[in-house]
Amino acid sequence: MIYLKQLKKQYGPKILLSGVDFHIRPGEKVGLVGDNGMGKTTLFRIIQGKESSDSGEVTFRKGAIVGMLDQHFDVGIETALERTVMGDPYFAKIQTDKENLENDQTAHQKDPQKWEKDYGHLVSEFERLGGYERESKAKAILSGLGFKEEGWNKPLNQLSGGWAMRVELALLLLQNPDVLLLDEPSNHLDLRSVIWLENFLKSYEGSIVLISHDRRFLNGIVSRIVHLDRGTLSVYTGNYDAFEKQKEEREALQEQAAINQNKKISEMERFIERFRAKASKAKQAQSRVKALDKIKRIETTSEAKSVRFRFPQPARTGKISAKATKIKKSYGDLIVYDGLSFEIERGSKIAFVGENGAGKSTLLKLLGDALSLDSGEIALGANVTRAYFAQRQSETLDPELTVLESLSKVGPSLGRTQMQTILGGFRFSGDDVQKKTEVLSGGEKSRLALARMLTSPASFLLLDEPTNHLDMKSCSVLSAALEDFEGTICVISHDRDFLDGFVNRVWDIENGTRKEYKGNFSDYEWKKSKEEADALKQIKPKIEIEKKPKESKTSKRDKAEGRNQLYKEKQPLKKKLNNLETRLEKIMGEKDRLDKTLASQEIYDDSNKEKLLETLSKHKKLGSQENELIEEIELLTEALEKVS
């Protein structure tokens, strides 16, 4: 489908792509992985032609259509459904041209053959693009991505960035391109939408290249992993788990080869230093110098740093971290919670799950005091302090401050060395700490926001999608740190693998209520699927198949006698019916013969007057007999039906 040949890309001294070769095959699903800043998104943009490479080329199979989910897009006043259906410029043009031609009677009259040819082409393309089913498919995709029916007709400029991104994803999925380039498509989805998208992509017939930090999402979709590291691409067969195992084995071999090479180089360098000045060995030393220059040094694994830290452990608190008593919250006519009560014990690490609009973020904001209650009370336990990390926490950063200054605002008592140590744990080192926050990437802003939150340790953490924009390593280390944390956590995340690493409870939130499941997220999934299966069995129509009891000899004899009695009753009726039908046929035959006689002219001669009167009398009599027989046959047929 797509061939990448010797692609090179460099920003200043940083090499992103160094002679990259790769072939994306038809129908294959590939995961593109690598540390943040290695150039994954840049590679996507080069493939789509939105950015140029320094050298090399991208070749497409003839007619191949490539679609990319871009993190940057414009929103207008069109509705979510309109954008999904008509957002493809090619389809919009085909539909407009088709409608214009349908209304252009002048063109039809002027040249009917050309009109029919042009119209036929447009109709063919319209059908190929699924024009007649396009709206229904768009609604199904939007529903799968979490949109409720009332949200289909909401203008895009009234949607949050996350919801607008879902519309762009829906548009891309509806376009059904030959190759899908997806850059973190699950970032703005809830768990149920992620699962829907995973199933959708599994059955997608085209090729997919996927960037994601969600391990389970990758494992469920891809069959090949392409690892981008310091400008080079390495290809691994299998899903992400298989990639990690193969990569570890490959790196071990590479490390050993590098050790052996360094040993050989050291020996050569010692020989050169020792014998360079000796005339008898000078030629050999010079030969080794030339050989040394030709050696291509084996590079070991990337030194890119992951987030490495241990949360400062909070002060000891009471047994209850938070208690909610009959809390109520509504948005206008929409009632989210009406009298909800619960307690959260110290050490609980709870994942909030549920459909979009169920109230997960609302509950987290209420617990974090980022939203006011309509009524009721949320009380913190003894000595409990809380810290709330919002999805858009990075947007609260002052763009004019440097990374170091931003951290010092929340930790004024910390010395410079302490702050640099904290920032180093979040992969800000060297000159990075002097960058202004306005130039940071989305991932860098998220890491800085997390660092700010953790600078003053709290005993109750409230985290809304903390892994958005974090790479795989950072997610893994953050999950491990949260498992190690001795305080209480409530978290919303679409990353199932991340949640499995530390949560010990799941709250399923629906219709203003919450149902608690103990265990990690996988335990919850298993229990939930079992509940749904049991519920499905109960609502299925029950088809009772009753086993016939064995009949006794008396019962069999009674039934046989009943059949004999029925036969005795039916036989005379059948015999009589047959006789009546035979008589009716005979009468009808005689009547038919008389009709023919009465139809002849001769019967009306004066000489045949007596014959005419006799014939008319017989015809009348036969007519009466026919009517009587028909009436008797009808009565007898009804009697037979009753006996049966």
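This is a short tour of a predicted model, one selection at a time.

**Stop 1: confidence**

Start by colouring the protein by pLDDT. The average is 83, and 90% of the residues score at least 70. Then select residues 543-548, where the pLDDT falls below 50.

**Stop 2: the largest nonpolar core**

Next, select Leu169, Leu180, Leu182, Leu201 and Leu210. These are the residues with the most contacts inside the largest nonpolar core, which has 45 residues. Which helix gives this core its largest share? Select residues 161-175: this is helix H7, and it supplies seven residues of the core. In soluble globular proteins, nonpolar side chains tend to be buried together.

Now centre the view on Leu201. Leaving aside residues up to four places away in sequence, Leu201 touches Lys29, Leu173, Leu180, Leu182, Ile208, Phe217 and Ile221.

Another core, of 39 residues, lies apart from the largest one.

**Stop 3: aromatic rings**

The structure holds 13 aromatic pairs. Show the side chains of Phe91 and Phe126. Their ring centres are 5.7 Å apart and their planes meet at 25 degrees; planes under 30 degrees apart count as stacked, so this pair is stacked. Phe91 belongs to helix H3 (residues 89-102), while Phe126 belongs to helix H5 (residues 112-128). The pair therefore ties together parts that are 35 residues apart in sequence. Are these two residues buried or exposed? Both Phe91 and Phe126 are buried.

For another arrangement, go to Phe498 and Phe502. The ring centres of Phe498 and Phe502 are 5.1 Å apart with planes at 70 degrees, and planes over 60 degrees apart count as edge-to-face, so this pair is edge-to-face. Phe498 and Phe502 are both buried.

Ring pairs link Phe91, Phe126 and Tyr132 into a cluster.

**Stop 4: charges over rings**

Lys98 lies over the face of Phe126, 4.6 Å from the ring centre. Then move to Phe428 and show Arg447 with it. Arg447 lies over the face of Phe428, at 5.2 Å from the ring centre.

**Stop 5: two positive phi angles**

Select Glu184, in the loop between strand S6 (179-183) and helix H8 (191-202). Glu184 is not a glycine, yet its phi is positive, at about 50 degrees. Glu184 has a relative accessibility of 14%, and buried means under 20%, so this residue counts as buried.

Then select Lys326, in strand S10 (residues 320-331). Its phi is near 45 degrees, again a positive value in a residue other than glycine. Is Lys326 buried or exposed? Lys326 has a relative accessible area of 59%, and exposed means over 50%, so Lys326 is exposed.

**Stop 6: a serine in a helix**

Finish at Ser529, in helix H18 (residues 521-539). Show its side chain together with the backbone of Trp526. The side chain of Ser529 reaches the backbone oxygen of Trp526 at 2.8 Å. With 39% relative accessibility, Ser529 counts as partly exposed.

Notes. Residues numbered from 1 in each chain as written. Predicted model: local features only at pLDDT ≥ 70, side-chain atom pairs only at ≥ 80, totals over all residues. Heavy atoms only, no water. pLDDT = per-residue confidence, 0-100. Contact = heavy atoms within 4.5 Å. Helix = DSSP H or I, 4+ residues; strand = E, 2+ residues; numbered from the N terminus. Buried < 20%, exposed > 50% of the residue type's maximum accessible area, 1.4 Å probe, protein only. Phe/Tyr/Trp six-rings, centres within 6.5 Å; stacked < 30°, edge-to-face > 60°. Lys NZ or Arg CZ within 6 Å of the ring centre and 35° of its normal. Polar contact = N/O pair within 3.5 Å; in protein donor to acceptor, adjacent residues only side chain to side chain. Core = buried A, V, L, I, M, F, W, Y, C linked by side-chain atoms within 4.5 Å.
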